[in-house]
Amino acid sequence: MDRKAIPIIAASGIEYPANEEPDFKAQIKQVFGKQIRRIGPFIQMALIGAADSVRAAPLPEATNVYFTSGSGDMDVTIDVLHRTVRDRQIPKPLSFVNTVSNAACFYLTKYFSIGGSTSFVSTREFALESAFFQAMTDMSVLDVETALVGSVDILTTPDTTHRTRVGSAPAEELAQGSHWFRLARSDTSATPIGYLVDTSIFKDAGSLIDHLKPLLSANCFITFGNRADSSNSQKMINELGAQEYQAQKQPAGHYGTNCGQIFRDYLHREDTSASQLLYVQQNEQGHLSAVLLAKD
Amino acid sequence: MSFNVFLSGASLHTSLGFGLEEHANELRSPSADLLALPNKIKLPIQLADEDAPEEIPYHLVARKPLKDTETRYFEILEKVVENCLSTSGLSEEELSHTGLYLGTSSSDVCLIEQNYLDELKNDENAQPLNLYCSMDNLGAHLRKKFNLSPLGMSANTACTASANALLYAAAAIKSGRLKHAIIVGAEILNITTAYGFQGLELLTQTRMRPFDARRDGLVLGEAASAVILSAQKPSFASIELLGGATLSDGYGMSAANPDGSSIARVIRQALKQSNVSAEDINAIKAHGTASLLNDEGESEGLKQVFQTLPTITALKPYIGHTFGASGLTELLILNACLDAGFIPGTPGISEQACSKLGITLNQTSQNMENPVILCNQFGFGGNNTSLVVRYG
């Protein structure tokens, strides 16, 4: 394995299609043995999704959290906008405080005893990719032993407005999910389930191919996000010599960070040893993001 | 590993003015008016609550009266970025490989509010957030408008956002992923923040007096700021980011632990990462929000790290609390003053140490050459950040 590749020692999460109404309160009680009051679905999903990655092995003091979301905690923002703009009332203090994007980080710190930093970072249309990028960057230059990279995207109502909020086509299935990946330094004693080899954003397919070609092995799978242009995709398949990845469990529907489901699918399945997975997404401007994972 | 990256092309717009020179000129011998409560402004949405104020004191950016929310928002931010890029000395080719890191707390919420308000006028059942939601909408707009690298991100960690954006960009440069980055801090008036702080009863009705026995809250402020970060030292005197640290604190959602432990921890880590000791620090730019708990936590933290406190300055009394933009904006105000050879003072605020906090603030402009400065930022969500910079 490339010495710069970062071991992934756990991956966990939850995902639900739009027609399911999960009982997050019950799940919180199951995970923590008690209720956590005054938190909404966004923070609940962050805590539930992260739990198994956190508990996979004792957390070192120098653990950083890189949290992201495609669309953020829309639930709490909608509540505050209803109250202030529509109802002309002062926002409730706790609702207002929870509008900060990193509100979930406070609960992650408190309930998982995070000793390092927590951050909320995002790049439009490449949210989870940006969190991976920063985690990988910090681990290469700072004394970070463990990074928890995670994302949450929630469903809101009504359906038509939600599609506008998340940039979804009318016929597309909708879903919500929380995906977490625990990265460790290369000298970790834990057994990796895979590696984060590279992640970046490129102006076009040509520069992506030039950058990634030297990093790819003979057994490389490739998969594309929902906005990837088909001609670009075919060009990459041809020039990179990668075969299209067939996920055992595809994302249940559209949300900004549903690539997390694909990463977890790849990392957890048993028939992809000694391979790589390249995930490519495209933004409105035609820029391309790439996340390259690998397994021993 | 220290960062040792350099700032250039600094540009900013606050209630004090536009650009470094205007800020230095205002702060060299500040008039009493500058530290008074700013004018109260009528917010774009009036609340129905009987006890809701009709007007709130607010440090608006200079010479940009409140009108046409969307035009004003983009004009303020684009002008600051444009000014930064045009004075950076970077070629078009270099700019196309320059990553943009945006630090903001409220992001484009003023546009979201305006959009919802407009839609409600036509349809009482209109839905809020009837647009594409991303915390990086502004970042994406700026990358596209100025043809910057697609690499980069928005940091949304409340009041530490632009300080953290600086750290993330520094790491990207140090790792070799970028040669240059532009860091942008943005905080533009919105009612969520204004009425949210009103609801938390954190706004002063007198004046903003950090660490002072008479302190009773903060004043809200707007700011836009931008700077280029590079590994190469510019040919002129500039700020060097030696290092920094950001750590989380599970004590409380809206205030750091008042016993100072979490703040002392982040300061110590920032010093260690910068390869400097507490004795090497010549001055401290405090976070200094003038709220009861935050100033308590910061003063305790400082006293735990420093046996003898160096000169401490606080800039929020001049520009208000500019939240996500405050880390970068206040650093660039220091940059402006250091270019002119001084560290600013806040006459009449914390002139004597109050018995509980034991902090005195610098009272007059103090000449200082090539100082090493600690800059503190602490935010909602338990996010604490300290930067260590050297001027020279």
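This is a guided tour of a predicted model, moving from the contact between two chains to individual residues.

Residues are numbered from 1 along each chain as its sequence is written, and chains are lettered from A in the order in which they are written. The model is predicted, so local features need pLDDT of at least 70, side-chain atom pairs count only at pLDDT 80 or more, and totals for chains, interfaces and linings use all residues, while side-chain values use heavy atoms, with hydrogens and water left out.

**Stop 1: the interface of chain A and chain B**

Colour chain A and chain B separately. In the model, 66 residues of chain A are in contact with 70 residues of chain B; contact means heavy atoms within 4.5 Å. About 5,600 Å² is buried between chain A and chain B, and carbon and sulfur atoms give 64% of that area. Buried area is the accessible area (1.4 Å probe) that two parts lose on being put together, summed over both.

Next, select A:E61 and B:R265. These residues form a salt bridge, with the closest N and O atoms 3.3 Å apart. The count between chain A and chain B is two salt bridges, where the term requires a side-chain nitrogen of Lys or Arg within 4 Å of a carboxyl oxygen of Asp or Glu. Across this interface, 21 residue pairs are in polar contact, both residues being at pLDDT 80 or more. A polar contact is a pair of N or O atoms within 3.5 Å; within protein, one must be able to donate a hydrogen and the other to accept it, and residues adjacent in sequence count only if both atoms are side-chain atoms.

Which elements of chain A each supply at least two residues of the side that touches chain B? They are helix 3 (74-86), helix 4 (93-97), helix 5 (103-112), strand 3 (118-122), helix 6 (127-141), helix 7 (159-166) and strand 6 (194-202). Helices (H or I, at least four residues) and strands (E, at least two) are DSSP runs, numbered from the N terminus. Select helix 3 of chain A, which gives the most to this side, with nine residues.

**Stop 2: strands paired between the chains**

Show strand 3 of chain A together with strand 6 (residues 152-155) of chain B. These strands pair in the antiparallel sense over two bridges; strands pair if DSSP finds at least two bridges between them. Within this pairing, A:V121 has B:A155 of strand 6 of chain B as its bridge partner.

**Stop 3: strand 1 of chain B**

Select residues 5-14 of chain B, which form strand 1. Of its 10 residues, 10 are buried; buried means under 20% relative accessible area, exposed over 50%, and partly exposed in between (1.4 Å probe, protein chains only).

- Strand 9 (residues 223-230) of chain B runs antiparallel to strand 1 and is joined to it by six bridges; B:S11 has B:A226 as its bridge partner.
- Strand 10 (residues 239-248) of chain B is also antiparallel to strand 1, with two bridges; B:V5 has B:L241 as its bridge partner.
- Strand 2 (residues 17-18) of chain B is joined to strand 1 by two bridges and runs antiparallel; B:H13 stands opposite B:F18. Strands 1 and 2 of chain B form a hairpin with two residues between them.

Now centre the view on B:T14, which is found in strand 1 of chain B. B:T14 counts as buried because its relative accessibility is 0%. Its side chain makes a polar contact with the side chain of B:H23 at 2.7 Å, and the side chain of B:T14 also reaches the backbone nitrogen of B:L16 at 3.0 Å.

**Stop 4: a sheet of three strands in chain B**

Strand 3 pairs antiparallel with strand 4 (residues 55-59) of chain B over three bridges, and B:K42 stands opposite B:E55.

**Stop 5: backbone details**

Most residues other than glycine have a negative phi, and most peptide bonds are trans. In chain A, the peptide bond from A:T157 to A:P158 is cis, with omega near -10 degrees; A:P158 is found in the loop between strand 4 (146-153) and helix 7 of chain A.

Is B:N275 buried or exposed? At 60% relative accessibility, B:N275 counts as exposed, and its phi is positive, near 60 degrees. By its relative accessibility of 0%, B:A290 counts as buried; B:A290 has a positive phi of about 65 degrees.
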